[in-house]
Amino acid sequence: MQTTYGHRGRRGARVATLLGVLLGGCVVSPQPSPPVHEPILDTGLVGVSGDPMVLRQQVFLKGEPGAVEPAEGVVLVTNLDSADAPVVAEIKADGSFVAAVDASTEQVLRIQVKQGERRSEPVDLQLTGEPIDATRTMLAHLPCLTIEPAAWVSLEAGEGDVVVRNSCAEEVAIGAPRLRRGAGPFGFSPAEAFVVPAGESAVVTVRADGEGVEREDVLFLEVTAPEPGRRAVTLTLPD
């Protein structure tokens with residue numbers, strides 16, 4: 001038994017020596033953490049229920065289990081056709097949520113997942129049908145007119161640009177930009193109506209240098225010609 005023990009001890013010593021030669025003075029770097037991705041909202045698992053004529057036209061926006069990945073944080077629901085404050089709904093452990101929102105047929109609800117400082121890209125749902133239902137709306141009513149960023153600007157740096165590009169065959173007229181609520185420190189320029197010629201672009205600069213306590217708002221760019229429509233850009237500040 002003593003001989004066997006010694007043989008194993010010598011073999012272990014040789015292995016240790018070999019490892020020391022191979023590794024030398026190298027330091028093993030820590031493995032990288034899994035990448036952190038933006039939260040995902042599956043609109044195929046989101047719907048509405050409730051009679052829009054009851055409880056001040058209140059409807060319930062519901063996310064089924066798995067609607068939000070990862071399943072944490074809150075869902076912010078903004079009625080783009082009212083001046084109400086956004087509704088905040090907690091995300092359950094299975095990724096579901098329920099948000100009670102004052103809204104009626106034809107109005108558009110903007111949905112955005114918030115997990116700390118991370119957010120999903122906004123999704124717009126228009127309330128349609130009888131009984132009331134929801135359908136995802138196109139952010140661009142004119143495919144030849146693009147807005148970059150299309151729907152959300154984070155202003156942790158204090159300022160950002162929204163680029164309006166017109167690849168249409170004719171000029172696009174946009175009315176004076178406006179804020180949905182105006183209760184935050186957000187400002188913008190130009191403040192007057194402007195025209196974007198065909199094949200050209202314009203820049204709307206957004207800032208967070210004013211007064212106001214709210215940490216987010218929505219900037220409306222309303223197209224008046226050649227086809228009336230609206231673009232909505234959410235502006236946010238870190239909490």
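Me: What pLDDT does the chain average, and which residues stay under 50?
Reply: This is a predicted model, in which local features need pLDDT of at least 70 and side-chain atom pairs count only at pLDDT 80 or more, while totals for chains, interfaces and linings use all residues. Residues are numbered from 1 along each chain as its sequence is written, and side-chain values use heavy atoms, with hydrogens and water left out. pLDDT is the predictor's confidence in each residue, from 0 to 100; 78% of the residues score at least 70, and the chain average is 83.

Me: Over how many bridges do S14 and S19 pair?
Reply: S14 covers residues 159-166 and also pairs with S12, over 4 bridges; there Ile147 has Val164 as its bridge partner, and Glu148 stands opposite Val163. On S19, the partner of Gly160 is Val206. S14 and S19 are antiparallel, and the number of their bridges is 7.

Me: Which residues have the most contacts inside the largest nonpolar core?
Reply: A nonpolar core is a set of buried Ala, Val, Leu, Ile, Met, Phe, Trp, Tyr and Cys residues joined through side-chain atoms within 4.5 Å. Buried means under 20% relative accessible area, exposed over 50%, and partly exposed in between (1.4 Å probe, protein chains only). The largest core has 24 residues, and those with the most contacts inside it are Val162, Val206, Leu219, Leu221 and Leu235.

Me: Is Phe194 buried or exposed?
Reply: Phe194 lies in strand S18. Leaving out residues up to four places away in sequence, Phe194 touches Val172, Ala173, Ile174, Pro177, Ala202 and Val204. Its C-alpha is 7.3 Å from that of Ala176, which is 18 residues away in sequence. Because its relative accessible area is 13%, Phe194 counts as buried.

Definitions and conventions. Two strands pair if DSSP finds at least two bridges between them. Helices (H or I, at least four residues) and strands (E, at least two) are DSSP runs, numbered from the N terminus. Contact means heavy atoms within 4.5 Å.
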